[in-house]
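Welcome! Please take a moment to look over the sequence and the model, and then we can walk through a few parts together.

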Amino acid sequence: MAARGVASVFLYTREAHPGEQAPHHTSLEDKLALASRFQERWRIARPILVDDLDGPLHRAYGTLPNMTHIVSPGGRILYRAAWTDAASIEWALEYLLREAEERRSSKRVAPFYSELRGFRAHDDYARTFMRGLLAGGGRQAAEEFVAATATTEGPAAGERLRRALEDLGAG
Amino acid sequence: MYNYPSFPLDMDNAYFAAFRGSAPAAGDPAPDGTVTVLATSVRRHLSDFWRDGPLVIEFGSFT
């Protein structure tokens, strides 16, 4: 995609699941330090841009922890999703690059609004997610997420996550 | 409170509804602001990064 003029950045926000391993940021320096650890841990090649401490850009775009947007050179949102999903981002970029080609060939192009309901694979999600949360956030972060899920999605959902934690030897 | 020290019990649902209903949508101007580039510690405008071509912005954190 980079060869076709598409740039990609990671915009670093507040910690979604603060815990003992990665506490909430109390200064921009805290945030930059955690962003560095994140970059090293996952070997992120693309530029990491760190939002100011109070999250002005994160909030302006919608405050979700893992959303993705595609913006045009003219500064218009072309795509946005509540979740980062590589398959739908690639699909959207192919479509949007076709529009750019149409414009370049001097065809008149008129935009229209559309929406899409995306999906992500869910099998074993509880275990995969809790493993990641334990490793990145720590025990406190994992326990809190179990409690929050039980509150917002009901006891059965909370129980699924608690069992995943137990299976990982941390419940 | 933006930087919560612990994950709130009532997280998620209200934010997803607001994202769908009131955050800037496809076709709207993309919000601009200042960021700190991690590699250089230099402050730039987010719009500097979309000027030359479509920009994919992935939001996230360590956790």
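## A pair between two chains

In strand 3 of chain B, which residue is the bridge partner of Ile70(A)? The partner is Val56(B). Keep in mind as you look that this is a predicted model.

That bridge involves strand 3 of chain B, and this strand pairs with strand 3 of chain A, residues 68-71. The two strands run in the antiparallel sense, and four bridges join them.

## Where the chains touch

Now step back to the whole contact: chain A puts in 73 residues and chain B puts in 49. On the chain B side, the elements that give two or more residues are helix 1 (13-21), strand 1 (34-37) and strand 3 (55-60). Strand 3 of chain B gives the most, with six residues.

What kinds of residues make up the side of chain B that touches chain A? That side has 31 nonpolar residues, 12 polar ones and six charged ones.

## A look at helix 4 of chain A

Over in chain A, helix 4 covers residues 125-136, which makes 12 residues. From its first C-alpha to its last it reaches 16 Å, close to the 16 Å expected at 1.5 Å a residue.

Which residues of helix 4 of chain A are buried? They are Met130(A), Leu133(A), Leu134(A) and Gly136(A). Their cover includes two other helices of chain A, helix 5 (139-153) and helix 6 (155-167). Following helix 4 you will find Gly138(A), which has a positive phi, near 110 degrees.

Note on methods: Residues are numbered from 1 along each chain as its sequence is written. Chains are lettered from A and ligands numbered from 1 in the order in which they are written. This is a predicted model: local features need pLDDT of at least 70, side-chain atom pairs count only at pLDDT 80 or more; totals for chains, interfaces and linings use all residues. The expected span of a helix is 1.5 Å times one less than its number of residues. A residue is buried if 20 or more other C-beta atoms lie within 10 Å of its own, exposed if 12 or fewer, and partly exposed in between; C-beta atoms are placed from the backbone. Two residues are in contact if their C-beta atoms, placed from the backbone, lie within 7 Å. Ala, Val, Leu, Ile, Met, Phe, Trp, Tyr, Cys and Pro count as nonpolar, Asp, Glu, Lys and Arg as charged, and the others, Gly among them, as polar. Two strands pair if DSSP finds at least two bridges between them.
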